[in-house]
Amino acid sequence: MKIIRTARSMAAWSERLRREGATIGFVPTMGALHDGHRSLIRAARLRCDALVVSIFVNPTQFSPTENVTTYPRPIPRDRALCREEGVDVCFEPTAQAMYPGGFQTIVTVPAVARRWEGEARPHHFVGVATVVTKLFGIVQPHLALFGQKDFQQAALVRQLVNDLNLGVAIQVRPTVRERDGLAMSSRNIYLSADERRIAPLLSQALRTGRRMIEDGMNDVAAIERIMRQTIEQAPTIYVEYLAVCDQDSLEPLSVVTARAVLLGAVRIGSVRLIDNLLVKMPGGKSRVSPHYS
Ligand code: AMP
């Protein structure tokens, strides 16, 4: 496995592979890799001739109150996982290489970024949209894979790839979970033992909401109330939002439709957790968006 640290060498590698007719798969990450990342890497490995994983803790998607310097960076372990999974290139640019003096362009996707994570973390999605656009320009992948875990991020990437004709196919893969339902996340290591015990309440609440819909309930206010009550069993979890939304626009719904998604975010101590579930409508027919595999 090659480790590449400059945009120029990365682009040169990709250009050579493209000339040879190889398809390039790409999994962008911030490192601290876990089985959620591994599932994206495996899926990409099966679909492409060459596979690039980027590890870049992007400073521009953190707000001034979030500490980018304490984000976990277990680089040797991350590289070992990539090697194990047959990754061809680990692209590990420095912040200076990505944002040299004089850098000024930003990419915004205002409507998709307006609510939920965008509201809680102003500037987050400008950072994400800009870095993804840059990474696509450098790596020039045919296919890029993202996790459903970050539902709004995946919707934003699809929108920007479409709007800007970037020519990259996007695939979104299901959320990988711990045995108790907690969505895997690089942030879970910040939870204390007590916090970790109550963290699965978020996925539990979303499952409760989904079950209500599958049982025929379509009163969104009632569903949201029950989901909130599930979480508020534990007084130390603070609900930031729990919502039933349209899968594409992410606008809140007042009545459940066939293209709904349940989105949630909670705070436990200083740790923010997000999660989501796609809704299957009664009758067992899956009418989820074709983007989700
Ligand atoms: P991150 O390193 O947190 O920026 O995530 C890199 C990619 O991995 C993103 O596309 C995430 O949505 C995806 N990802 C993170 N956690 C999971 C998970 N538990 N299951 C599936 N994909 C995930």
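**Note on the interface between the two domains**

1. The domain assignment divides the protein chain into domain 1, residues 2-173, and domain 2, residues 186-278. The model under review is a predicted one. The centres of the two domains, taken over C-alpha atoms, lie 26 Å apart.

2. The extent of the interface may be stated first. Between them, domain 1 and domain 2 bury about 1800 Å², and carbon and sulfur atoms account for 52% of that area. Three residues deserve attention here: Trp116, Glu117 and Phe151 provide 37% of the area that domain 1 buries against domain 2, more than any other three residues. In terms of contacts, 21 residues of domain 1 meet 21 residues of domain 2.

3. Four salt bridges are counted between domain 1 and domain 2. Glu117, already named for its part in the buried area, forms a salt bridge with Arg272, in which the closest N and O atoms are 2.6 Å apart.

4. Which helices each supply at least two residues of the side of domain 1 that touches domain 2? They are helix H6, residues 117-120, and helix H8, residues 151-163. The largest share of this side, four residues, comes from H8.

Notes
Residues are numbered from 1 along each chain as its sequence is written. This is a predicted model: local features need pLDDT of at least 70, side-chain atom pairs count only at pLDDT 80 or more; totals for chains, interfaces and linings use all residues. Side-chain values use heavy atoms; hydrogens and water are left out. Domain bounds come from an automatic or database domain assignment. Contact means heavy atoms within 4.5 Å. Buried area is the accessible area (1.4 Å probe) that two parts lose on being put together, summed over both. A salt bridge is a side-chain nitrogen of Lys or Arg within 4 Å of a carboxyl oxygen of Asp or Glu.
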